[in-house]
Amino acid sequence: MPDLNHKEEVLRRSLEQTADCWKQFPHLTDTDFVADFTQCLHWRYEGHPSEEAMNTYLKEFEIPQAFLFDILANRFPLVLSSQTLLISTICTAAADHKQITLLDLGCGRGEQLVRILHALNELPELRKVTVIGTEILNSSLEFCASYLVSVSHRFRFNLEFHALSGPVENMTRESVDDLIPEQSGALLINASLLMHHVQQVEKRRAIFELLYSLQPVLLTMVEPDTDCFTDDADQRILNAYEHFGSLYTYISTLPVNASERKGLKQFFRNELYDTLVLADTHRFEKYIRGSEWISLAASAGFVSKPVSGLSTLPEVPGIKMEERPAGYVSFSFQGSDILSMIGLGVGD
């Protein structure tokens, strides 16, 4: 049985650190978040056994993370707005092409991909779209393939889909080249809410180098805009309090039903657990700032590309959207950066 003094010390430390974070961000008082944050700290200081070293997306939860991600993609205005910019930027790059190849990294169950295809369907010149979808979860990849078959009749262009199973870290130039048709047209790459799952910065750099070698017309990214990569535990805890506290507080303002609100918070609770409780070697939710993604991509040769549609994007209550000097669009809530949308290219 754990020593009573140890249990009391763990509780005291957890409550004190939560209180210290609260003092720095006194407006982030969502009760669900404060409870979840304190519980995660309690597990951290208690020495809660590390989960199997596995991507949060693959772990078995009461509600699978893949399904929670669908709620996120369909009912979360922050993600929907970033998708609108992403889709507008993709369509701008694809305009005037008769055929394109879209490499969708982490296509999931295909929700965002189908939105992209519906938008591409409005381009009068487009005759063929080849999609290469990569996905770590086979069941999601199979669902995506079936989903595309079920909606393909709605598009006036010819749609061809190729599945590439496995984590993005295992992707090779050869595996992609084998799936790109000889007459491929312009290559566009989408990596939405994916790259932060790559644990090591060296592997992130290698992925950017691989993507650059493909010479895409465009690479789009959507990523959380905070620093949970740092190994400075105290700073990571504070950053997590600001980031996840902002998300929980924002979710509580949304006009969604109770089950959807619970699902959205559960999605971020799973990622909060990864950030605070797990050992560094086991963490997969390793966010970095938008400016750092730009720098990392630039080291492989990429340059910032204009993001389309910001001036016409409908206002999202409570969310500030602005272009940052580093070359990306930032979404913030009550002064805290939450999400970045990035457009990249290989230059002229």
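Q: How many helices and strands does the protein have?
A: There are 11 helices and 9 strands in this predicted model. Both are DSSP runs numbered from the N terminus: helices are H or I with at least four residues, strands are E with at least two. Residues are numbered from 1 along each chain as its sequence is written. As the model is predicted, local features need pLDDT of at least 70 and side-chain atom pairs count only at pLDDT 80 or more, while totals for chains, interfaces and linings use all residues; side-chain values use heavy atoms, with hydrogens and water left out.

Q: What is the mean pLDDT?
A: The mean is 90, and 91% of the residues reach 70 or more. pLDDT is the predictor's confidence in each residue, from 0 to 100.

Q: Which elements have the lowest and highest mean pLDDT?
A: Helix α3 (residues 65-75) has the lowest, at 64, and strand β1 (residues 99-105) has the highest, at 98. Over residues 52-61 the pLDDT is below 50. That stretch still has 30 contacts in the model beyond near neighbours in sequence, a contact being heavy atoms within 4.5 Å.

Q: OK, overall shape. What is the radius of gyration?
A: It is 21 Å, which agrees with the value near 20 Å that a compact globule of 348 residues would have. The radius is taken over C-alpha atoms, and the globule rule is 2.2 Å times the number of residues to the power 0.38. The C-alpha trace spans about 70 × 40 × 40 Å along its principal axes.

Q: And how much of the protein counts as buried?
A: Of the 348 residues, 52% do. Buried means under 20% relative accessible area, exposed means over 50%, and partly exposed lies in between (1.4 Å probe, protein chains only).

Q: Switching to charges. How far apart are the mean positions of the positive and negative ones?
A: They are 3 Å apart, for 29 positive and 47 negative charges. Lys and Arg count as positive, Asp and Glu as negative, and His and the chain ends are not counted. Each charge is placed at NZ of Lys, CZ of Arg, CG of Asp or CD of Glu.

Q: Now helix α5. Which of its residues are buried?
A: Gln112, Leu113, Val114, Ile116, Leu117 and Leu120 are buried there.

Q: What do they pack against?
A: The buried residues of α5 pack against α4 (77-94), β1, β2 (128-135), α6 (138-151), β3 (158-165) and β4 (186-192).

Q: And Arg115, where is that?
A: Arg115 is in α5 too, which covers residues 111-120. It counts as partly exposed because its relative accessibility is 26%.

Q: Which residues other than glycine have a positive phi?
A: Leu193 is one of them, with phi near 55°. Gln215 also has a positive phi, about 55°, and is not a glycine.

Q: Where do those two sit?
A: Leu193 is in the loop between β4 and α8 (201-213), and Gln215 is in the loop between α8 and β5 (218-224).

Q: Buried or exposed?
A: Leu193 counts as buried because its relative accessibility is 13%. Gln215 is at 44%, so it counts as partly exposed.

Q: Last one, Pro255: where is it found?
A: Pro255 is in the loop between α9 (233-251) and α10 (258-276). With a relative accessible area of 78%, Pro255 is exposed.
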